[in-house]
Amino acid sequence: MTKTLRLTALAVTASLVVGSAALFAHNAHPGDTSIFNQSDRIAGVTRTSYTGGNISMTPVDFEKAATAAVPSVVHIKTITRIRETSGEQGMGGDQNDMFRRFFGDNGAQPQSQDQRASGSGVIVSSDGYIVTNNHVVDHATDIVVTLNNRKDYKAKVVGTDPNTDLALIKIDGENLPVIAMGNSDDARLGQWVLAIGYPLNLDVTVTEGIISAKSRNIGINNKAAAPIESFIQTDAAVNPGSSGGALINTNGELIGINAAIASPTGSYAGYAYSIPSNLVKKVISDIKKYGTVQRAYLGISMAPEGLDPARKKELGINDDVNGVWIADVSPNSAAAEAGLHKGDAITKINGATVATSSQLSEQVGREKPGDKVEITFLRNGTEQTTTATLQSKMGAVAGQPNVSSSSLGADFSTLDKGDADQLGIDGGVQVAAIHEGIFSSQTNMKAGFIITKVGDQPVRNVDELKSAFASQSGNFQIQGIYPGSREVYYYGINDFKK
């Protein structure tokens with residue numbers, strides 16, 4: 001299962017093309033012509049002059065890196081059960097129940113249709129946490145993980161982040177082989193890399209290539225609410241089934257999670273895209289700790305590429321400046337409070353150069369609400385520096401939540417998508433535990449309750465829950481269900497104060 005950037009109509013092929021590659025290396029010194037034979041010295045032959053030291057004759061060692069990393073890459077197989085009811089397309093649950101009561105088992109019966117798919121994942125902790133792509137496990141009702149040693153484990157989804165196309169799943173295991181985590185900021189153009197995964201339902205496969213670009217935005221996550229794309233582009237062969245697999249450097253360290261390919265056919269055609277490991281670390285750390293990603297926002301609109309000259313003149317854009325131009329600043333945002341203006345050009349975040357919107361999005365995406373970032377920018381040709389305290393989308397920072405879970409007296413977690421599908425709901429937030437607070441004093445709510453609406457606002461994840469509570473005051477109702485029951489429960493909250 002590989003998310004594919006379709007350049008033309010998608011056509012899946014079952015054929016495998018087998019190829020080979022040979023690597024050659026020479027030792028060259030500035031001005032040294034000993035590696036050239038007499039025919040090289042004929043007129044018209046121009047030799048390349050090398051500067052900056054000797055070119056190493058030592059071949060790249062892929063074996064050690066592959067041996068170190070392969071045990072940490074797993075095969076993920078998923079089943080998505082789609083319930084269909086013959087002759088009742090589009091009918092709601094109450095109508096289905098009515099037909100069953102009138103016609104019994106010979107009437108319209110729900111039928112399960114299984115969709116099977118597979119992908120890859122990477123073990124990031126010895127007790128069984130595995131990172132993969134969101135699209136590998138999205139809506140899956142059953143997930144089986146097969147380790148490199150052929151052992152199978154049932155897995156559950158801990159949390160997902162469609163904005164980065166990442167997911168964290170968990171198996172019950174001990175002393176599992178953990179991949180070494182690398183620093184994706186150190187990745188350089190032309191650097192050798194290896195892609196490891198389970199493509200085309202084959203056993204574990206290792207392919208080599210080089211990094212051909214960084215900070216690529218290909219628009220493949222455009223259905224997400226706040227997509228972050230800053231892919232590492234490589235020419236290592238990645239095919240359907242490789243999604244969620246590892247991109248490693250020659251030290252065997254993870255520098256990316258393979259996520260997409262650019263292809264006219266749906267299979268490998270030259271370009272593959274990986275999510276940088278530094279962004280992966282932030283996302284999976286948040287999911288593991290909070291159950292959801294703590295997304296930080298700067299509060300600016302970035303000027304798009306390809307603006308016409310009139311719009312560039314209006315914004316004061318100078319094509320000679322290597323930075324991200326601000327098209328607008330949201331009122332009361334982190335950017336506004338830091339003094340950034342429309343027409344400023346951001347050139348660095350925390351000392352890291354940002355020349356494109358994808359680079360800026362990645363740098364901000366690594367932070368959480370409440371974090372302070374140093375911003376270097378140009379205004380009227382003069383370089384300035386300011387510090388911004390990042391906010392959440394609804395304007396809160398980590399140290400100033402709109403509604404504290406301690407005042408509500410409960411712990412929350414976003415409902416697993418598979419569980420939501422089985423319950424017939426779009427999503428929800430499960431009350432993991434209830435302590436002393438508003439819930440215990442004003443309701444008889446029990447742990448396990450799944451909140452689907454607060455007031456008149458639908459709730460599908462923890463962030464939406466926080467936003468919904470933040471907009472309430474006075475009296476309102478919490479709506480939801482309990483697992484195993486389709487009966488809707490309502491709990492009233494009175495004199496609510498944030």
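Predicted model: local features only at pLDDT ≥ 70, side-chain atom pairs only at ≥ 80, totals over all residues.
1. Some ground rules come before the details. Local features need pLDDT of at least 70 and side-chain atom pairs count only at pLDDT 80 or more, while totals for chains, interfaces and linings use all residues. Numbering runs from 1 along each chain as its sequence is written, and side-chain values use heavy atoms, with hydrogens and water left out.

2. The structure holds 2 cavities of 30 Å³ or more (sets of points on a 1 Å grid over the protein atoms alone where a 1.4 Å probe fits but cannot get out; lining residues have an atom within 4 Å of a point). The largest cavity has about 60 Å³ of space. Its lining includes Thr205, Ala237 and Asn258, and strand E9 (192-197) gives the most, with 3 residues.

3. The second largest cavity has a volume of about 40 Å³. Among the residues lining this cavity are Ile228, Ser230, Pro276 and Leu279.

4. Those four names return around Glu362, which is in contact (heavy atoms within 4.5 Å) with Ile228, Ser230, Pro276 and Leu279, leaving aside its neighbours within four places in sequence. Glu362 lies in helix H7 (residues 357-365) and counts as buried because its relative accessibility is 7%, where buried means under 20% relative accessible area with a 1.4 Å probe, protein chains only. The Glu362 side chain makes a polar contact with that of Arg366 at 2.8 Å (N or O atoms within 3.5 Å, one able to donate a hydrogen and the other to accept it).

5. Leu279 is also one of the buried residues of helix H4. Helix H4 (residues 277-290) has 14 residues and reaches 20 Å from first C-alpha to last. Just after H4, Gly291 takes a positive phi of about 85°.

How values were computed:
Helix = DSSP H or I, 4+ residues; strand = E, 2+ residues; numbered from the N terminus. Expected span 1.5 Å × (residues − 1). Buried < 20%, exposed > 50% of the residue type's maximum accessible area, 1.4 Å probe, protein only. 1 Å grid on protein atoms, 1.4 Å probe; cavity = no way out; pocket = protein on both sides within 12 Å on 5 of 7 lines; lining within 4 Å. Points joined across faces, edges and corners; volume = space filled by probe spheres on them.
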